[in-house]
Amino acid sequence: MGIMTGKKGVIFGVSNTHGIAYGIAEQLYKEGAEIAFTYAGEAMEKRVKPIAEGMNAKIIMSCDVTKENEVAAVFKECEKIYGKLDFVVHAVAFAPKEALMGRFVDTTKEAWEIAMGVSAYSLVTVSKYAEPIMNEGSSIFALTYLGSILSVPSYNVMGVAKAALESTMRFLAVDLGKKGIRVNCLSSGPVKTLASMGISGFSKMLKAAVLRAPLKKNVSLEDVGRAGLYLASDLSSGTTGEVIYCDCGCHSAYASAEEMDILSSSEI
């Protein structure tokens with residue numbers, strides 16, 4: 001029996017077998033969890049349905065997290081099939097591609113609102129409809145990134161959205177903590193996924209992370225999946241309102257010895 005045997009939950013944001021959300025789903029399923037899956041529109045259905053069916057999902061639903069009625073419908077179906085839930089994973093983020101290029105100062109109001117709505121406010125909506133059917137001791141967590149606290153090239157408005165997401169998480173942790181529901185964020189290091197490849201200069205981000213990280217490697221999907229398992233399971237029973245980093249220590253180092261050598265040999 002796995003540590004998630006008897007546990008039921010829903011993951012918003014699995015889109016393919018190369019993404020972080022899939023890495024988390026895989027670890028949860030291996031440990032015995034029953035998982036409901038959502039997908040963003042018909043175009044994603046053909047990708048997500050085989051994944052969900054491979055994990056014996058009883059619920060596979062389309063859900064645009066910016067539409068409150070669709071989020072409400074997901075949890076209504078979860079209550080019908082499962083009764084109560086033990087975990088919810090928010091792995092949803094989006095910003096127009098042009099907003100991830102060029103200068104941040106050129107971010108349009110439209111791109112700002114899209115990024116904030118999809119990537120941050122949606123956690124409020126998801127938590128609002130999850131709360132009534134969450135068991136005491138259950139977990140909600142969202143995916144974030146170091147760009148929330150540092151200016152990362154080409155991350156632009158998404159960094160601001162992730163900062164808002166992390167702040168949102170802390171306020172939700174206080175609200176939902178009264179019912180024994182934990183709310184956290186999982187901050188992964190850069191992982192080569194289909195979504196990340198849309199970020200300009202992402203290959204350089206991977207190399208820079210290896211140079212800076214104390215463990216001298218990039219984080220893997222398995223690493224992040226196990227961190228997600230920790231947050232979803234009773235192993236994190238005393239953890240809420242936190243950003244848990246799984247980035248080989250990259251967030252903790254200002255610069256590696258190698259980077260300092262480069263800096264010291266440069267004219268400043």
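Me: How many helices and strands does the secondary structure of the protein chain come to?

Reply: The chain has 8 helices and 7 strands. Helices (H or I, at least four residues) and strands (E, at least two) are DSSP runs, numbered from the N terminus. This is a predicted model, in which local features need pLDDT of at least 70 and side-chain atom pairs count only at pLDDT 80 or more, while totals for chains, interfaces and linings use all residues. Residues are numbered from 1 along each chain as its sequence is written, and side-chain values use heavy atoms, with hydrogens and water left out.

Me: Why does C63 count as buried?

Reply: Buried means under 20% relative accessible area, exposed over 50%, and partly exposed in between (1.4 Å probe, protein chains only). C63 has 4% relative accessibility and therefore counts as buried. C63 lies in the loop between β3 (60–62) and α3 (68–82). Of the 268 residues of the protein chain, 49% count as buried.

Me: Which residues does C63 touch, not counting residues up to four places away in sequence?

Reply: Contact means heavy atoms within 4.5 Å. On that basis C63 touches F12, T38, Y39, A40, E70, V71 and V74.

Me: Why are α1 and α7 called oblique to each other?

Reply: Axes are lines fitted to C-alpha atoms, for helices over the stretch in contact, and angles run from 0 to 180 degrees between N-to-C directions. Angles under 35 degrees count as roughly parallel, over 145 as roughly antiparallel, 65 to 115 as roughly perpendicular and the rest as oblique. Helix α1 (residues 20–30) and helix α7 (residues 221–232) pack at an angle of about 60°, with their axes 7 Å apart. The two helices are therefore oblique. Their contact has 7 nonpolar, 4 polar and 2 charged residues; Ala, Val, Leu, Ile, Met, Phe, Trp, Tyr, Cys and Pro count as nonpolar, Asp, Glu, Lys and Arg as charged, and the others, Gly among them, as polar.

Me: What makes α4 roughly parallel to α5?

Reply: The axes of helix α4 (residues 109–130) and helix α5 (residues 156–177) cross at roughly 15° and come within 9 Å. That angle makes α4 roughly parallel to α5. Among the residues making the contact are W112 and M116 of α4, and V157 and L165 of α5. By class, this contact has 15 nonpolar, 3 polar and no charged residues.
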